[in-house]
Amino acid sequence: MNEAKYVAYVSTYTSGNKSKYGIRIYDVDMKNGRLIEKDQVQITNSSYVTISHNQKYLYSITDFGVESYRILKDGSLEALNHASINGMRGCYLSTDYNDKFLFVAGYHDAKLTVLRVNEDGSIGEITEEIFHKGLGSIAERNFRPHINCVKMTRDNRFLCAADLGMDHIVVYGLNHDSGKLRQVDIIRSEQESAPRHLKFSKNGEFLYVVHELKNYIDVYHYYIDERHNSPEFEKIQNISTLNDYHAGGSAASALNISDDFKYLCSSNAGDNSVVLYSIDSVTGLLDKILCLPISGDYPKDAVLFPDNKHLVSLNHESNTMTFFTVDVDKRIIVMNGKEMKVDQPNCIIFHKLDTE
């Protein structure tokens with residue numbers, strides 16, 4: 001049996017650093033918990049990347065809308081096409097679980113765009129465009145709608161759109177034929193908490209939402225009200241992303257679940273720390289394992305390696321990636337080698353290669 005091989009895709013901004021290469025591809029040295037640069041992809045300001053659920057295609061935000069790539073056997077990317085989202089540059093994208101639609105979140109113009117995905121993985125026409133409207137809690141502070149994350153529930157029925165300007169998550173039903181959305185619910189967060197990213201548990205029963213401005217994660221139990229055939233979200237936990245002694249002035253950023261769904265990872269800018277929780281697979285509740293510094297500035301993304309023994313932090317303001325060895329039992333992380341330079345990194349995704 002072949003040992004699993006992985007590559008990692010890192011999305012970066014290109015403006016300001018005179019680079020043309022917005023996506024970097026790395027071979028993953030799992031044993032030593034390091035990345036070895038393998039290739040660079042020419043694309044402008046890749047705010048975020050996602051991989052289709054069938055693991056065949058990668059999609060990226062770009063200044064021009066969205067771009068699609070075929071993932072080759074060695075992890076390299078082959079450009080398929082790009083498509084306009086008919087709006088300002090997006091900040092997040094994801095596909096539904098059948099890989100039939102691509103959802104794009106617009107932070108700057110509060111626009112949610114749905115595009116059809118073709119059989120060959122390329123991006124087709126726009127099927128839906130929705131602008132979030134309204135004023136947030138304090139009008140003087142220019143609190144406006146900002147859609148920061150869009151993800152389907154694991155049963156592939158509902159799209160959740162986190163609006164950190166309006167402090168709520170709008171839930172839409174998806175028509176799988178037309179690609180149209182219909183609002184069915186709103187999950188309200190505390191005022192000025194700024195829900196930033198969301199993830200679902202492996203079985204889809206639990207929703208995790210990290211809040212940027214109040215530095216905590218809310219956990220919801222998700223189920224269907226059979227009588228009304230409607231989604232229900234019941235809050236079951238609120239847990240800080242910081243240590244108890246922290247003085248303030250921080251913003252929570254990342255939200256990632258480990259490959260085996262046993263751990264959840266987040267990060268704090270200002271505090272410049274990473275926080276790791278264990279996930280109870282039955283109750284969905286989180287237990288904080290550690291919250292420790294990442295030796296960089298503004299950890300925009302932080303994620304465990306697929307072996308859960310190493311961790312990488314993408315430090316957006318210090319233009320570095322820092323690496324750590326993780327000891328879950330001792331509740332510590334230890335610096336692992338020197339930092340790697342990468343300009344304005346945004347997010348990282350590990351991808352398992354098909355070695356058959």
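Biologist: Asp 99: buried or exposed?
Modeller: Asp 99 is buried, at 11% relative accessible area. Buried means under 20%, exposed over 50%, and partly exposed in between, with a 1.4 Å probe and protein chains only. This is a predicted model: local features need pLDDT of at least 70, side-chain atom pairs count only at pLDDT 80 or more, and totals for chains, interfaces and linings use all residues. Residues are numbered from 1 along each chain as its sequence is written, and side-chain values use heavy atoms, leaving out hydrogens and water.

Biologist: Where is Asp 99 found?
Modeller: In the loop between β8 (92-95) and β9 (101-105). Strands are DSSP runs of E, at least two residues, and helices are runs of H or I, at least four; both are numbered from the N terminus.

Biologist: And what is phi of Asp 99?
Modeller: Near 55 degrees, a positive value in a residue other than glycine.

Biologist: What about Ser 295, where does that lie?
Modeller: Ser 295 sits in the loop between β23 (286-293) and β24 (299-304). Its phi is positive, about 55 degrees, although Ser 295 is not a glycine. Ser 295 counts as partly exposed, because its relative accessibility is 44%.

Biologist: Switching topic. How many helices and strands in the chain?
Modeller: 0 helices and 29 strands.

Biologist: What radius of gyration does the chain have?
Modeller: 19 Å, which agrees with a compact globule of 356 residues, where the value would be near 21 Å. The radius is taken over C-alpha atoms, and the globule rule is 2.2 Å times the number of residues to the power 0.38. The C-alpha atoms fill a box of roughly 50 × 50 × 45 Å along the principal axes.

Biologist: What share of the residues count as buried?
Modeller: 59% of the 356 residues.

Biologist: Now the rings. How many aromatic pairs?
Modeller: The count is 4. One of them joins Phe 200 and Tyr 222, edge-to-face, at 6.1 Å centre to centre and 70 degrees between the planes. Rings of Phe, Tyr and Trp (its six-membered ring) pair if their centres lie within 6.5 Å; planes under 30 degrees apart are stacked, over 60 edge-to-face, the rest tilted.

Biologist: Which strands does that pair link?
Modeller: Phe 200 is in β16 (residues 195-200) and Tyr 222 in β18 (residues 216-225). They are 22 residues apart, so to speak distant parts of the chain.

Biologist: Are those two buried or exposed?
Modeller: Both Phe 200 and Tyr 222 are buried. With Phe 233 they form one aromatic cluster.
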